[in-house]
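Biologist: I have a model to learn from. Can we go through it in short questions and answers?

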Amino acid sequence: DVVVVAQSEIGTPLHLGTMQSAVRSAMAAYPFDDLGPGDAVAMNMPYPAGPGHLNDLCLISPIFHKGERIAITANQAHHVDMGGFAPGSMPFGVKEIFQEGLQIPPVRLFRNGEMDPELWSLISQNVRPRVEVKGDLLAQYACNVTGARRLSELMDRFTTDIVETYLDEMIRYSERRMRAALHKIPKGTYTYEDVVEGDGITDDPYMIRVEIEARGDSIRTDFSASDDAALGPINCRWPSVAACVYYVFKAILDPELPPNAGAYRPFEIIVRDGSVLSAIYPMAVCNANIITTQRITDVLLGALSHAVPERVQAACSGTMNLLNIGGTNPKSGVLYNYIETYAGGQGAMHDLDGMDAIQNHMTNTRNAPVEAIEAAYPLIVEKYGLLPDSEGPGEYRGGVGITRVLRTQGDVQLTLSSDRETVPPWGLFGGDDARPSKCEVIDPDGVIERLPSKVTTTVPAGRIIVTETPGGGGWGDARQRDPDAVKKDVIDGVVDIDRARDIYGVSIKPGSLDVDENETLKLRENS
């Protein structure tokens, strides 16, 4: 059997959680016995089991020691483009995976340390920014080479038998720790449901439902009551669901636990084929990573808030809020694609405010610097910063989202992949909801077009794209918030003076920005 022994702690939980399935699928479909040193197999297909969408390419290499294959090293990376209907390969308006981009079954992309020129010719003909895709593939290969070299060096130092003994024990150790941690959850059944706001074809809501049964040292998570699969590309495959489950329980129970197959063993994960969480080939799936997996995380945390409230948080921004902007650079005539997921607010906890402007849960990316965007793409960043008053109020407030304003210098194709536009991130235990998302396009005459949260469209040159991301939900009654904390929020510019008064019941003197204690007492007594 193929099992994960060790993984990086730095990476997106979604990529890390689906890699075991990707490697297993590749090895089942490809004769790995034919591989030699310096070879690597590439695959990006979510069906039957693998990465969450075609952009996520998994590269898998055998590790040899003294002529014998001893292990597998693999990494998974999101590529900026895999061809298909629109730049970025994550379009809306599509119904089949064939429209999303190039499907790469398990193939030997590298032979004896060199990229296969014929396979690269096929891939490069199907992607837009060829230089970037090739560079990222070479970086992935270098990553595997480094991993293979270090494991071989370890076996030179300690012998193969000793290293394999410790690898086996690492798996058993993680399983023991996870089973011990699961006892922190009182035995019982916990449920929750939340919604994805349409699929880019219709505005019909798609309900994500979970029933968690805590059994002591094991957990059953049943998602079978979730809605049927969507026409549009918000459908998941089961490895992505499993990745969300692994992430949530590790994060809330034992964040330092070494991530490997042992930690996964205590979980029974149930999905219903034909549902939005277990789509059937060839249904479209490309935007599930960005939206649906975040909602899976939300329902798991919502259910666990009834069991271990001190270990969970209110809803975070609930979407990776992705922008894909692509076209032909009017200066160079070269195809380009700008892709970035925009941070939002983190949900508050029982004793802690949510962080402002941060990627949450299933993603882990940093923001692109303004200078890098303007140097690489025909885009001008006219504004970028925190979004005041977007937090979910509470005794502990949620984090605020961000706004970014881009001006196009040429005609572009824009894909917006977002959510939480009509159903905002929720608060817990009296905490209020956060401000929802919004995206607009403004023409040179100042006419504003409000975009739906899920759309692929053409934006002419000289337009302004304004994006606002959701904040995080609050925790507890906002009128119980420490007045000095409200004062600091006002000084920091994340909460307006009027909002401090009307929502938090705290009167701030405009001149000195000190708390008016008498007026605050009256406001709170009368609330």
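Modeller: Start with a helix and its cover. Which helix is among what covers the buried residues of α9?

Biologist: Helices here are DSSP runs of H or I with at least four residues, strands are runs of E with at least two, and both are numbered from the N terminus. Buried means under 20% relative accessible area, exposed over 50%, and partly exposed in between, with a 1.4 Å probe and protein chains only. Contact means heavy atoms within 4.5 Å. The cover of α9's buried residues includes α10 (497-502).

Modeller: Two ground rules before we go on. This is a predicted model, where local features need pLDDT of at least 70 and side-chain atom pairs count only at pLDDT 80 or more, while totals for chains, interfaces and linings use all residues. Residues are numbered from 1 along each chain as its sequence is written, and side-chain values use heavy atoms, leaving out hydrogens and water.

Biologist: How wide an arc do the buried residues of α9 cover around the axis?

Modeller: Helix α9 spans residues 483-492, and its buried residues are Val486, Asp489 and Val490. They sit on the same side of α9, because their arc, taken from the directions from the helix axis to the C-beta atoms, is only 100°.

Biologist: Which exposed residues does the opposite face of α9 carry?

Modeller: Look at the face turned away from the buried side of α9. The exposed residues there are Asp484 and Lys488.

Biologist: Over how many bridges do β2 and β3 pair?

Modeller: Two strands pair if DSSP finds at least two bridges between them. Strand β2 covers residues 56-65 and β3 covers 68-78. Leu57 stands opposite Ala77 in β3. The pairing is antiparallel, and the bridges number 10.

Biologist: Which residue in the turn of that hairpin has a positive phi?

Modeller: The turn puts 2 residues between β2 and β3. A phi of about 55° belongs to Lys66.

Biologist: Is Phe110 buried or exposed?

Modeller: Phe110 lies in strand β4 (residues 107-111). Beyond its neighbours within four places in sequence, its contacts include Leu59, Met115, Leu137 and Tyr141. At 1% relative accessibility, Phe110 is buried.

Biologist: Ser89 and Leu513 have positive phi values too. Which class of accessibility does Leu513 fall into?

Modeller: Ser89, in the loop between β3 and β4, has a phi near 60° and is buried at 1%. Leu513 lies in the loop between α10 and α11 (517-525), with a phi of about 60°. With a relative accessible area of 26%, Leu513 is partly exposed.

Biologist: What is the omega of the cis bond between Tyr281 and Pro282?

Modeller: Pro282 is in the loop between β9 (267-270) and α7 (288-304). Another cis bond runs from Tyr47 to Pro48, with omega near -5°. For Tyr281 and Pro282, omega is about 5°.

Biologist: Now the second largest pocket. Which helix gives the most to its lining?

Modeller: On a 1 Å grid over the protein atoms alone, a pocket is an open set of points where a 1.4 Å probe fits, with protein on both sides within 12 Å along at least five of seven lines, and lining residues have an atom within 4 Å of a point. The second largest pocket has 35 lining residues, with Pro13, Tyr247, Lys250, Ala251 and His361 nearest its centre. With 7 residues, the helix that gives the most is α5.
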